[in-house]
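Biologist: Please put the structure up, and then I will ask about it piece by piece.

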Amino acid sequence: MHTVPGPTRRLALPFRRALRFAGAALVALTAACDSTAESVVLPEPSVNVVRVAAGEPNLSTLVTAVQAANLVATLGGPGPFTVFAPVNAGFAAIPSDQTARLLDPANRALLTKVLTYHVVPGRILASQLTDGQTLTTVQGGTIRVSLAGGARVNNARIVRTDVRASNGVVHYIDGVLTENLDIVDVATLRGFSSLVGAVQAAGLTDALRGNGAGQGLTVFAPTNAAFAAIPGGAPSDPAVLSQVLRLHVVPGTALAASLANGQRLTSLLGPQLTVNIGSGGITLTGPRNTPRVTATDVRASNGVIHVLDTVLLP
């Protein structure tokens, strides 16, 4: 039988071309849909980081602190900000007397320093955090990120991430970050008001906020009761008061574990202090008396504080 292929072939060729065109169009349409899906941007939240915190009962203490520091307008600004927000349990872990001092209007500068240490410029999502990363805060200090064994900033665990706000993002942490506080700040927070007042009166505030030529400072800090027990009261002459205070400061960071019986420490005033370690604990012999050390290793960003029950007298 004789077959005539011409007309059939002429009909089949356009049909195959149509199929190829339809297939190409389907691929293009699919790609376009995929591209559209990848480029979808979720709408920004309409509330800023302060209002996000205000809507979270577990951040109520933080909101109270932000209000006390007059930072509502600042943190409600355009930003963007990344806020590492301590939950209520983090604040509760601080002794209540220290929390009260932190929220005291007289210590607003200290509270501001603490809160702005929890804020980093820019919007940093959890996926952008890396192990060992160092972030510079709005306050000017640095915090360190660690991911091994669970995400942390400094010593606080990150317990919730990526709570979005119109001007940034909030990550919840289980502790309050205070590693940026210097010796004067820590003394204020711990209630050494007589010492802090004496430091201010003697014009030594900047010296005790310094870093002791890069080596840090060790301060033997008398309690308020120790200042009250000075015969005749604390000196009122700033020059005399400066001598008394400099007798309590030693260059370098000397933790309790590094102190040895009979060790001699040279104070900023010049006279040496002798460390005595026995069954009754640690005492410190100065030019005129021997106070007892009642607490050790109160850490600060620029050194360490050891607490004395009596004021050393030159």
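Modeller: This is a predicted model. We can begin with a side chain: a polar atom of the His171 side chain lies 2.8 Å from the backbone oxygen of Ile124.

Biologist: Is His171 buried or exposed?

Modeller: His171 is part of strand E7, residues 168-173. Its contacts beyond four places in sequence include Phe84, Ile124, Leu125 and Arg160. A residue is called buried under 20% relative accessible area. His171 has 0% relative accessibility, so it counts as buried.

Biologist: Are the helices H9 and H12 parallel or oblique to each other?

Modeller: Leu195, Ala198, Val199 and Ala201 of H9 meet Pro238, Leu241 and Leu245 of H12. The axes of H9 (residues 193-201) and H12 (residues 238-246) come within 9 Å and cross at roughly 125°. Roughly parallel would need an angle under 35 degrees, and roughly antiparallel one over 145. H9 and H12 are therefore oblique.

Biologist: What is the handedness of the crossing where H9 passes H12?

Modeller: Their axes cross at roughly 125°. As H9 passes H12, the crossing is left-handed.

How values were computed. Residues are numbered from 1 along each chain as its sequence is written. This is a predicted model: local features need pLDDT of at least 70, side-chain atom pairs count only at pLDDT 80 or more; totals for chains, interfaces and linings use all residues. Side-chain values use heavy atoms; hydrogens and water are left out. Helices (H or I, at least four residues) and strands (E, at least two) are DSSP runs, numbered from the N terminus. Buried means under 20% relative accessible area, exposed over 50%, partly exposed in between (1.4 Å probe, protein chains only). A polar contact is a pair of N or O atoms within 3.5 Å; within protein, one must be able to donate a hydrogen and the other to accept it, and residues adjacent in sequence count only if both atoms are side-chain atoms. Contact means heavy atoms within 4.5 Å. Axes are lines fitted to C-alpha atoms, for helices over the stretch in contact, and angles run from 0 to 180 degrees between N-to-C directions. Angles under 35 degrees count as roughly parallel, over 145 as roughly antiparallel, 65 to 115 as roughly perpendicular and the rest as oblique. A crossing is left-handed if the near helix is turned anticlockwise from the far one by less than a right angle, and right-handed if clockwise.
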